[in-house]
Amino acid sequence: AVPFVFLDPAAAPTDRTVPTRPDGSAIVLPRSAPLDMLASVIDETLAAAAGRTRAGQRKRQLSVLVIEDDEAQFQLITKCLLAPGRESVEITRARSAEQAMNLICEHKYSCVLIDHQLVDGIGLSILEEREQELLTTPVIGLSADDDPSLALRYFRGGCVEFFIKRDVLSVDLLRRGIAQAMARFQRRVMAAIIERRQLGNAINESQEGLIALARTDRLMGICNRAVLDEYLPEYHLEVIANGGRYGLCMVDVDRFKAYNDRYGHQAGDEVLREVAQVLTSTLRENDFIARYGGEEIVVVLDDVDEAGAESVATRLRKLVFDHNLPHEGNPTHERVTVSIGVAVFDAERHKREPVQSVQARADQAVYAAKAAGRNQVTLWTPQPAAKRKSA
């Protein structure tokens, strides 16, 4: 059974737990319960559920990104991670900061290990450049240097733990340290949600508010990638069942790295928020918008053909252009612009096409829009995909 913990305003403040199922998988707590009680009960509930279901279950799969350029050190880390344990570990390696930042944009990992000294820089640069993508991922710093100030810099950068290599590169210590860091990270996330719940913010006045909070991108204020990954496949199947159609738009802020380099990351965050608000303001109730990652946004247009989707995308592009946000790093236009790739799915014409293929077509189209000079809308056509151009 799936464990549940409910917050009940009617429960007495002294009540600790009230089982609501015979197997004890649901627990009721008073809304006014202190954070330490809530965190403790959540841990106990999860541990109990794991104990009930462990027998006969497949091992939990962990995907770990190891950012390490030294071959001997990577082999030692791999040996520690792949030792027999309760989890099955899949390891991905990045040999440089640049490769790591690309992988973090493309994949979601259970945990990321970052070495401080890399062939093309330091691990801190990854934390700075991929802050938004790593918000929901526990990150652990590694270094051969035991300088306390270095560890402090990594903690301030968002790491949940920092290890000195010589102290942890043994099977038991590294595996245990990662498990403890991941558990601590999950408790921190849960505590933050509960704390906001108890503050009585308008968005958190109901259980629905908690769900909305967890499903919203903190920076842009629109749906996050997790919601997109859940929504789009289900929506795609629904369109097939109804014989309908939709347009998928991939929106990419042009030369966003140049904007960050010139104006700073805080200004870059504000630009992403404004672009998301501009796009949202013109969409219909049945349309859908979510952050895809970095400076990319996905817009799903309900029940449109090619002409309709291209028309809406053109309006979105023009709205951002007319918003007139200065961007000297975008020399052709000297303002913030977006490139938009559009792919249309029509169930009557190609209902066997999987949703991943529709996404790939939209992705190809946005590359083509950027290759054509940016501040463009490109409707996907069955032609060879354009080579990817940097933001």
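**Salt bridges and their exposure**

Student: Why is aspartate 146 called partly exposed?

Tutor: Its relative accessible area is 45%, which falls between the limits for buried (under 20%) and exposed (over 50%), taken with a 1.4 Å probe on protein chains only. The model is predicted, so local features need pLDDT of at least 70 and side-chain atom pairs 80 or more, while totals for chains, interfaces and linings use all residues. Numbering starts from 1 along each chain as its sequence is written, and side-chain values use heavy atoms, without hydrogens and water.

Student: What makes arginine 166 and aspartate 146 a salt bridge?

Tutor: Their closest N and O atoms are 2.9 Å apart, and the definition asks for a side-chain nitrogen of Lys or Arg within 4 Å of a carboxyl oxygen of Asp or Glu, so the pair qualifies. Arginine 166 lies in helix α6 and aspartate 146 in the loop between β9 and α5, so the bridge ties together parts 20 residues apart in sequence.

Student: Why is arginine 166 called exposed?

Tutor: Arginine 166 has a relative accessible area of 59%, so the value passes the limit for that class.

Student: How do you know that lysine 318 and aspartate 322 are separated by about one helical turn?

Tutor: The two residues are four residues apart in helix α12, and their side chains meet in a salt bridge at 2.7 Å, N to O. Lysine 318, at 45% relative accessible area, is partly exposed, and aspartate 322, at 43%, is also partly exposed.

Student: How many salt bridges does the structure hold?

Tutor: The structure holds 17, and Glu68, Asp115 and Lys165 are linked in a network of such bridges.
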